[in-house]
Amino acid sequence: MRIVDLRSDTMTRPTPAMRQAMAQAEVGDDVFGEDPTVNRLEEMAAERLGKEAAVLVASGTMGNLVSQLAHCGRGDEIILGDHSHTFFFEQGGTAALGGIHPRTVPNQPDGTLALEDIEAAIRTDNIHFPRTRLIVLENTHNLCSGYPLDAAYMQAVGAVARRHGLKIHVDGARFFNAAVALGVDPRDLAAEADSVSFCLSKGLAAPVGSVVCGSREFVAEARRARKVLGGGMRQAGVLAAAGIVALTEMVARLAEDHANAHKLAEGLAAIPGTRLDPTQVKTNIVFFDLNRSDMPADEFARRLDTAGVRILPTGARRLRAVTHYHVTADDIDHALETIARVMQ
Ligand code: TLP
């Protein structure tokens with residue numbers, strides 16, 4: 001049966017070029033700093049984001065946690081969106097493992113945090129309060145329709161952060177999707193951030209890994225944090241080799257995923273029983289609602305799955321579809337036909 005898997009871009013499998021690079025990778029002990037392939041990936045990532053240094057970590061979750069640990073001490077406070085991945089989907093590692101206090105402010109529908117909300121959440125010097133240290137942003141914003149945050153917004157948050165002596169971390173799991181969608185150099189989007197974590201394992205199709213970029217001093221701290229979390233990987237060059245291919249060959253093509261997401265959204269909007277605004281789709285993530293009382297999202301997803309189309313239920317009536325390397329424009333047509341049929 002033909003399968004179109006739209007549950008997540010984490011479903012991407014390594015390309016033939018990645019598998020070849022992995023098989024041939026020159027490796028060494030990365031905890032000793034001696035894996036030449038990891039070192040090359042880290043240099044490349046830092047250069048792409050305009051930062052001094054970078055460190056390879058196991059996952060996006062680990063990238064966000066090591067960044068928070070590097071920026072904050074126990075009892076410090078971070079400001080982050082109430083729909084952010086870090087707040088919602090990382091098991092509360094901020095508090096559980098970091099002893100860091102999360103202060104949420106509402107995410108706007110475009111993934112931003114209102115500047116006045118950030119300002120209002122920043123603590124004054126008072127013996128009763130934790131100390132605000134860090135603002136965490138997410139680009140693109142997963143739960144906010146995959147919206148990209150643009151450079152002007154980053155500058156505005158940067159000005160607030162500087163005024164109050166705060167750092168900025170960007171959960172850039174899909175950072176290159178943002179840069180491609182906005183048509184800007186990733187350096188421009190990263191300029192105001194003290195740290196950016198991006199995933200190799202999502203739309204860039206590498207099997208494993210994220211890279212955390214920032215100043216040399218920050219990365220040295222993040223490297224220590226990675227080690228205490230058990231993330232010191234030895235001959236990780238076999239993974240980094242795929243990451244190098246990801247950065248070299250897989251960035252520009254993200255535009256195809258965005259076009260396919262748009263096509264999917266337009267098609268879905270025309271199917272009776274679904275509700276969404278296709279103009280909200282800016283990158284590779286499509287959220288839509290079902291407006292039929294007889295069809296909860298999980299039941300709809302189950303029926304679609306038996307017909308070979310996989311979509312993630314994310315609420316009682318809400319679903320998410322994500323386009324990626326293994327989904328073609330033809331697959332979108334097939335998925336839309338299947339969705340229309342199952343809906344009937
Ligand atoms: N997101 C996954 C799920 O966890 C929801 C997905 O399918 O979208 N930041 C953002 C914005 C993410 O979307 C994700 C993964 C992460 C961090 C965590 O990355 P991993 O899964 O590598 O720990």
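Modeller: Contact means that heavy atoms lie within 4.5 Å. Before we apply this, note that the model is predicted, that local features need pLDDT of at least 70 and side-chain atom pairs pLDDT 80 or more, while totals for chains, interfaces and linings use all residues. Residues are numbered from 1 along each chain as its sequence is written, and side-chain values use heavy atoms, with hydrogens and water left out.

Biologist: Which residues is arginine 317 in contact with, leaving aside its neighbours within four places in sequence?

Modeller: They are Phe288, Asp289, Leu290, Arg292, Ser293, Met295, Pro296 and Ala297.

Biologist: Where does arginine 317 lie?

Modeller: Helices (H or I, at least four residues) and strands (E, at least two) are DSSP runs numbered from the N terminus. Arginine 317 belongs to the loop between S12 and S13. The strands S12 and S13 form a hairpin, with four residues between them.

Biologist: Is arginine 317 buried, partly exposed or exposed?

Modeller: Buried means under 20% relative accessible area, exposed means over 50%, and partly exposed is in between (1.4 Å probe, protein chains only). Arginine 317 has a relative accessible area of 33%, and is therefore partly exposed. Strand S13 (residues 318–322) is largely enclosed by the rest of the structure, because four of its five residues are buried.

Biologist: How many bridges join S9 and S10, and how many join S10 and S13?

Modeller: S9 and S10 pair over two bridges, in the antiparallel sense. Strand S10 (residues 285–290) pairs with S13 over five bridges, also antiparallel. Aspartate 289 lets you trace both pairings: arginine 275 stands opposite aspartate 289 in S10, and the bridge partner of aspartate 289 in S13 is arginine 318. Strand S12 (residues 312–313) is joined to S13 by two bridges and runs antiparallel to it. There, leucine 312 has arginine 320 of S13 as its bridge partner.

Biologist: How should I read a polar contact, and how far is the backbone oxygen of methionine 295 from a polar atom of the side chain of arginine 317?

Modeller: A polar contact is a pair of N or O atoms within 3.5 Å; within protein, one must be able to donate a hydrogen and the other to accept it, and residues adjacent in sequence count only if both atoms are side-chain atoms. For methionine 295 and arginine 317, the distance is 3.1 Å.

Biologist: Why does histidine 169 count as buried?

Modeller: Histidine 169 counts as buried because its relative accessibility is 1%. The residues that it touches, not counting those up to four places away in sequence, include Gly63, Ser67, His71, Leu134 and Val196.

Biologist: Finally, which residues come nearest to the ligand?

Modeller: A residue is near a molecule or strand if one of its heavy atoms lies within 4 Å of it. Of the 14 residues around the ligand, Ser8, Gly60, Thr61, Asp171 and Arg174 come nearest. A ligand oxygen atom is 2.7 Å from an N or O atom in the side chain of serine 8. A ligand nitrogen atom is 2.7 Å from an N or O atom in the side chain of aspartate 171. For arginine 174, a side-chain N or O atom is 2.8 Å from an oxygen atom of the ligand.

Biologist: Which helix gives the most to the shell around the ligand?

Modeller: Helix H3 (residues 60–71) does, with three residues.

How values were computed
Pairing = 2+ DSSP bridges.
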